[in-house]
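User: Please take me through the architecture of this model step by step, with the criteria behind each term.

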Protein chains: 2
Amino acid sequence: MPLTGQLFIGRERVATAQSFRAYNPTTATHLEPAFSSAGAAEVERACQLASEAFDQYRALDSETRAKFLETIADRIMALGDELLERGHAESGLPVARLTNERGRTVGQLRLFADELRKGGWQGVRIDPAMPDRKPMPRADLRQRKIPLGPVVVFGASNFPLAFSVAGGDTASALAAGCPVIVKGHSAHPGTSELVASAIVEAVAQCGLHPGVFSLLNGDKRDLGAGLVADPRIKAVGFTGSRGGGTALMKIAQSRPEPIPVYAEMSSINPVLLMPGALAARAEALGKEFVASLTMGAGQFCTNPGLVFALEGPHVETFIASASAALGGSPPQVMLTAGIYDAYQKGVDRLAANKSVKTIARGADAPGKNCGRGALFSVNAKELHPEIMEEVFGASSVLVRCANESELIDALEKIEGQLTATLHVTEEDYALAASIMPTLERKVGRILANGWPTGVEVCHAMVHGGPYPSTSDGRTTSVGTLAIERFLRPVCYQDIPDALLPHVLRRGNQSSLPHRLDGVYKTGA
Amino acid sequence: MPLTGQLFIGRERVATAQSFRAYNPTTATHLEPAFSSAGAAEVERACQLASEAFDQYRALDSETRAKFLETIADRIMALGDELLERGHAESGLPVARLTNERGRTVGQLRLFADELRKGGWQGVRIDPAMPDRKPMPRADLRQRKIPLGPVVVFGASNFPLAFSVAGGDTASALAAGCPVIVKGHSAHPGTSELVASAIVEAVAQCGLHPGVFSLLNGDKRDLGAGLVADPRIKAVGFTGSRGGGTALMKIAQSRPEPIPVYAEMSSINPVLLMPGALAARAEALGKEFVASLTMGAGQFCTNPGLVFALEGPHVETFIASASAALGGSPPQVMLTAGIYDAYQKGVDRLAANKSVKTIARGADAPGKNCGRGALFSVNAKELHPEIMEEVFGASSVLVRCANESELIDALEKIEGQLTATLHVTEEDYALAASIMPTLERKVGRILANGWPTGVEVCHAMVHGGPYPSTSDGRTTSVGTLAIERFLRPVCYQDIPDALLPHVLRRGNQSSLPHRLDGVYKTGA
């Protein structure tokens, strides 16, 4: 089916008078068709429909919601090459990368289906009545988690599939039992329409209330602002810039009823090259670093934008290796003209900073919107805050530390981050152990002898971290723990079985992970 | 040891130039001694000390922290009658009530000690490496939760023990591994000093860093504001008015690094009298209702301030019974002159409302600061928002609903609440079942055939609810789930055992509740 350029309000395709076009960053031309922009009327309709769907959708059993997520995954796969080709045209990302990203997207949906079936997400706790307790009897107390309500998800430019219409935020919110309204990213409206059509078909196939899902497109800020301000919306998922995320936080906090915003914003992901590791394999580290830095034109939240090294003979080997690798790295088309411009400005700003030395640049870029990698260095003593501002793209700064105390001081100065990476051998363990507490306070994920790009979608993953890497470091946007963002506990005291939710009725916990009088039960 | 009127910054007793005195609401006189007010210098010192203590305190094993909490409990009991007598003088609460409250306070500390030993609070998840996975190997991924950092706890006027210096917020924050700075409530500084001395002795006895606990007193708003704004503070616990809570939220959100505020603010706790229950026992319900309404002079967050009844012959029986009970209820001294004044104004405001009818008042109150109970009624159609504003004290409004649809419409209009209570018999189940989804969306705890006052401290309790009953409906301030407010997840990827926290090292999970590749394990 050809693209229509229409919005989805529930199952209904809607056209509006305002429109915009997608842009192909590779060819620097606009793409057909025109896409309708949602206005206040569409926000009102989508929010009302989501609100009407909520009680019905959240009352579904886990199995029904799990099948719904799997049906979405199947329908996305059934879109075939058209999805990958449109995604490539709108993002400049290679088809091979988008193929992998589609795999991750459907994998996330299936993982949350499994998580629903495992049942621990319901957070069941049973404290049975103690009628004979002295001096006061204890009531029968039962707890479970219920979803917050309709959620607005903002599509991310850098993951047109895995963090957009049917991405991680949508999967975890739908799993939790929240209807979702996606504000599609204006860079890839065709990709959004295709994925939304898959979700809408799954809603119909599973016989769900149509308000479970809507897609609103638009290229103006007031669309997102209007959605977040709507009183029927109860939480927000966002992946993007710090400016965008903090603007949404302000709107959410200024509402008569403030709501949580889960914004994954900015991170420069420090990498620490310890002396033993440098001595053992400085050259390999230089190559691996550049591979991580330039992956996806550096357009990852986990891109290694800051590298710390203790001065020593092997630092120059690392620099030489990284410089050679970067010099040979081909230019890559960036996601949008705006992102390319911002990257150029960020790199120019660093190059012009008197404390900063340019070490290497990527190969010259004749094509449109092609980012050239950039590697800078600075002495730890001159690591001023502006040098640590995220430059979204393949830009990184090597921080040269004269001694351990300079390294430790510099680490205390960094802002909250998604990740920190240690390159260590056994001889580095003592120093690394002394740094671990600082890293734990600063980041959400600590890696050893690897690279931060490439985020595994699993149970133990944390893709989150202290502010400003995210708006809320108590959670993650990747992995099964993400479902908890959209849940809250409710306690039922002395409620008769007839009025209890099924999962809390007497004797219904046997197959479910739960706590009985505080004791952990696997339910297996 | 006589009261010194000094602050505690760590183990050090500190006097300042500014001071204030406690007030005895029963005698309407001020009490000795004068209490030092903390200023900016004391905030700076306490925050710095807490920050210095954090890494050391959070690195302690669960058993050491559990023993610390138990030592605090023992030391509080060892304060003996002096604590109860001073508490009575400063709050007007009867010694019998304070004796119960002390039991709850030490019970909370011991419950969190048990929770630490059970170990599930650490949120351990292990996803082992899959080196042979195709197309990409999986890294070894391990997750645990770590504490947020130093926490500021605001003492509550209405729980001088159970929600003040060593109350629920302090117990859960200390359990999580967060140093605590208490901003003592200015109404009971002597009670605060006594309890703080018990904590400080426990810190010394357990050999902990002195920065684990400080007590700052003061009767000016800038003390609390300064604490919440301090960059070393990472979370806030508060129980009090909506004005106070929302002011702290604003400060916390305006920081360069916003932090979570867990404010338990205002709730009127609707009670629904269903036709079957009224038919079966209207008279008993009237008496029980007044007992709950007037308990503790109505100064509970869970006080039943709104009662819904469907019109019918038994409503008048309920009214007659409640009126008689209220008329015979003795006046009770309120916590402070300010709370008494606010109560009087709130009751006068309701009495003057043209839609509101005064049904009954408590017995006349000759003593100082004595609140007289008040019961009003309104027709559901005239249930305007100002009638649903919390009047802190023994005031309640009966909402008369002509039919079920008026009841349902009225319920959709109420704000977020801590609790809702259903009085039902089997013949009411159909109506009650149709209302349950609305109640779940509006409140944190639903009760049947009981009364909302009296909050059990256990695993399944939720003392929380949607805004504005609390600032964050995703959590609870009572019960073991409260520990999660002060934790965040960290992921460790391919980290060698030597650098892992003990709990995440290979093979150390056998005795701990955890998830292995997503599978729930009790660790038993």
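The questions and answers below go from the conventions to the symmetry, the sheets, the helix packing and the local backbone.

User: What kind of model is this, and what pLDDT do local features need?

Analyst: Residues are numbered from 1 along each chain as its sequence is written, while chains are lettered from A and ligands numbered from 1 in the order in which they are written. Side-chain values use heavy atoms, with hydrogens and water left out, and in this predicted model side-chain atom pairs count only at pLDDT 80 or more, totals for chains, interfaces and linings use all residues, and local features need pLDDT of at least 70.

User: By what turn can chain A be laid on chain B?

Analyst: The copies are superposed by least squares on the C-alpha atoms of residues with pLDDT of at least 70 in both. The superposition gives an RMSD of 0.0 Å with a shift of 0.0 Å along the axis, and the turn is 180°. The two copies are thus related as by a two-fold rotation axis, that is, by a turn of 180°.

User: Which C-alpha of chain A is nearest the axis, and what percentage of the contact residues of chain A recur in chain B?

Analyst: The C-alpha nearest the axis in chain A is that of A:T522, 3.1 Å from it. Taking contact as heavy atoms within 4.5 Å, the same surface serves both copies, and the share of contact residues of chain A that recur in chain B is 99%.

User: Which strands stand at the edges of the open sheet that begins with β17(A)?

Analyst: Strands (E, at least two residues) and helices (H or I, at least four) are DSSP runs numbered from the N terminus, and two strands pair if DSSP finds at least two bridges between them. The 12 strands follow the order β17(A)-β19(A)-β20(A)-β15(A)-β14(A)-β21(A)-β22(A)-β23(B)-β8(B)-β7(B)-β24(B)-β25(B), with mixed pairing. Each edge strand has a single partner, so one side of each is left without a neighbour in the sheet, and these strands are β17 (357–361) of chain A and β25 (519–521) of chain B.

User: Within chain B, what is the bridge partner of B:D127 in β8(B)?

Analyst: Strand β7 (residues 125–127) and strand β8 (residues 141–147) of chain B run antiparallel and are joined by 3 bridges. In β8(B), the residue that partners B:D127 is B:L141.

User: How many bridges join β19 to β20 in chain B, and which residue partners B:F376?

Analyst: Strands β19 (residues 374–379) and β20 (residues 395–401) of chain B run parallel, and the number of bridges between them is 6. The bridge partner of B:F376 in β20(B) is B:V397.

User: Are α2(B) and α5(B) roughly parallel or roughly antiparallel?

Analyst: Axes are lines fitted to C-alpha atoms, for helices over the stretch in contact, and angles run from 0 to 180 degrees between N-to-C directions; those under 35 degrees count as roughly parallel, over 145 as roughly antiparallel, 65 to 115 as roughly perpendicular and the rest as oblique. The axes of α2 (residues 62–78) and α5 (residues 168–176) of chain B come within 9 Å and cross at roughly 155°. The two helices are therefore roughly antiparallel.

User: Which residues make the contact between α2(B) and α5(B)?

Analyst: The contact joins B:R65, B:F68, B:L69 and B:I72 of α2(B) to B:A171, B:L174, B:A175 and B:A176 of α5(B).

User: Which loops hold B:P33 and B:P468?

Analyst: Cis peptide bonds join B:E32 to B:P33, with omega about -5°, and B:Y467 to B:P468, with omega about 5°. B:P33 lies in the loop between β5 (29–30) and β6 (35–36) of chain B, and B:P468 in the loop between β22 (443–448) and β23 (487–493) of chain B.

User: Where is A:N269 found?

Analyst: Although A:N269 is not a glycine, its phi is positive, at about 50°. Its place in chain A is the loop between β13 (261–264) and β14 (270–273).
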